[in-house]
Amino acid sequence: MGSRRPDIVIFALAAWDGNYSSTSFSIAKELSKASRVCYIDNPTTIKDVFSYRKRNIGKRIHMFFKTKNYETVNSNLTIIYPPLVLPINFLSAGSIYSKLSRFNSHLVFKSVKRVLNKMSVNDYIFVNSFNPFYDHTKMLSPKLFIYHTVDDITKSPYIKKHGGRLEKEMVETANVVMTTSIRLKEKYDDYSKSVYYLPNAAEFEVFSIRPKKRPLEYKSIEGEIIIFTGHLDWRSDINILLNIANSQKDRTLVCIGPVSLKDNVLSDLKKYKNVVFIPPKPIEELPKYLYYAHCAIIPFKKNELTESIYPLKVNEYLATGIPVVATNFSKDIRQFDSVISIAKKADRFLDLIENEILEDSDEKRSERRQVASQNTWVFRIKEFWRILDHKIS
């Protein structure tokens with residue numbers, strides 16, 4: 001458990017019960033081993049309610065109307081559900097957007113403050129994780145304000161409209177800025193003197209234990225399995241996936257997680273009998289799919305967004321020991337070139353998959369696990385406190 005640390009309040013864009021691994025919630029869980037942590041759920045807009053686009057929307061609506069708008073995950077970790085807010089992203093920057101943004105922020109943090117007071121959370125550190133659309137400063141008075149950025153917000157669809165401007169303001173006002181990638185640190189070094197690199201990691205204890213049973217979804221699969229886990233969206237090089245499906249007829253490509261592709265692109269992939277889509281799974285269930293696969297892939301396109309990505313999945317893959325092939329999309333992924341294959345050109349991707357599967361060995365699997373064992377949330381949170389100790393002493 002370790003010595004008791006200050007209370008932490010985390011306000012994140014990522015839902016705590018989302019469809020795939022979340023940097024923000026992984027940090028919250030690890031911090032809760034030695035601190036009392038309150039994780040504020042990303043506010044739901046009125047538009048979300050009617051479109052039912054948000055995960056577990058029914059539960060969130062129910063929580064809005066309860067007098068107790070929070071619940072406990074464990075003795076040290078509490079989820080706070082803020083009230084409904086107005087959808088304002090469609091507006092242009094200007095006085096109307098600013099006024100409604102202040103209104104939304106007031107609604108959210110007035111509710112949060114009420115819960116914090118009820119729980120006697122007074123002397124705490126506030127972390128805004130990639131959610132610069134709400135300003136806490138008028139309602140909350142933390143001992144330290146950390147802004148945590150996980151992607152290049154100026155290249156992210158939908159949130160880029162206001163995200164770049166608002167994130168820059170957060171970076172300039174935060175006491176400490178933490179970034180998940182080298183590129184993001186380089187970017188924000190120009191706006192703050194307290195920017196630190198805190199890369200993503202894996203829940204090693206979850207992924208390092210081999211499950212005894214092969215997943216039911218694999219029952220009808222014969223031959224070797226190539227696997228991708230996570231959100232399959234516009235960041236992925238679909239041509240690589242199509243090439244795998246077309247040229248690896250004796251192997252099966254398994255994609256686990258949410259899919260946000262254009263209908264015509266998705267239909268092209270679904271034409272292949274050796275491509276299997278499996279719905280999102282809780283992080284605790286992912287190891288059984290990985291351990292019974294033969295190669296894991298990270299087929300990101302190389303562009304301005306992906307060069308700011310340190311993918312969570314790389315350490316999850318390595319913790320299982322299976323071979324990994326990735327595209328050459330960021331400085332962060334290149335740090336793993338001793339234990340994974342990196343395709344400098346997309347047309348080399350298939351050859352590298354072949355090589356990794358053919359040359360796999362117990363020794364290589366041990367090396368991969370060793371690297372993953374040094375990239376855990378336990379290590380990251382130690383670094384988190386090393387950064388903060390001289391700030392709060």
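Residues are numbered from 1 along each chain as its sequence is written, and side-chain values use heavy atoms, without hydrogens or water. Because the model is predicted, local features need pLDDT of at least 70 and side-chain atom pairs count only at pLDDT 80 or more, while totals for chains, interfaces and linings use all residues.

A cavity is a set of points where a 1.4 Å probe fits but cannot get out. A pocket is an open set with protein on both sides within 12 Å along at least five of seven lines. Lining residues have an atom within 4 Å of a point. Grid points are joined across faces, edges and corners, and a volume is the space filled by probe spheres set on the points. The count comes to one cavity of 30 Å³ or more. The largest cavity has a volume of about 80 Å³. Its lining is made by Ile10, Ser24, Ile27, Leu31, Val127, Ser129, His148, Met178, Leu198 and Phe384. Helix H1 (23-31) and strand S5 (124-129) are the elements that give two or more residues to this lining. H1 gives the most, with three residues. Helices (H or I, at least four residues) and strands (E, at least two) are DSSP runs, numbered from the N terminus.

The second largest pocket holds about 430 Å³ of space. It is lined by 20 residues. Nearest its centre lie Ser101, Arg102, Ser105, Asp135 and Glu169. Two or more lining residues come from each of helix H4 (95-118) and helix H5 (160-173). H4 provides the largest share, six residues.

Charged pairs were examined next. A salt bridge is a side-chain nitrogen of Lys or Arg within 4 Å of a carboxyl oxygen of Asp or Glu. By this rule there are 21 salt bridges. The terms for exposure rest on relative accessible area: buried means under 20%, exposed over 50%, and partly exposed in between (1.4 Å probe, protein chains only).

Glu30 counts as buried because its relative accessibility is 12%. Lys33, at 40%, counts as partly exposed. Asp351 and Arg348 form another salt bridge, and here the closest N and O atoms are 3.3 Å apart. Asp351 is partly exposed at 39% relative accessibility. Arg348 is also partly exposed, at 37%.

The side chains of Arg365 and Asp360 meet in a salt bridge of 2.8 Å, N to O. Arg365 has a relative accessibility of 15%, so it counts as buried. Asp360, at 23%, counts as partly exposed. Salt bridges that share partners join Glu356, Asp360, Arg365 and Arg368 into one network.

Ile46 lies in helix H2 (residues 46-51). Ile46 is partly exposed, because its relative accessible area is 35%.

Gln248 sits in the loop between helix H8 (238-247) and strand S10 (252-256). Its relative accessibility is 9%, so Gln248 counts as buried. Contact means heavy atoms within 4.5 Å. Leaving aside neighbours within four places in sequence, Gln248 is in contact with Ile226, Asn243, Asn274 and Glu354.

Thr376 lies in the loop between helix H14 (362-373) and helix H15 (377-392). Thr376 is buried, with a relative accessible area of 6%. Not counting residues up to four places away in sequence, Thr376 touches Ala201, Ala202 and Phe204.

Lys345 belongs to the loop between strand S14 (341-343) and helix H13 (349-358). Lys345 is exposed, because its relative accessible area is 59%. Lys345 and Asn328 stand 17 residues apart in sequence, and their C-alpha atoms are 7.7 Å apart in space.
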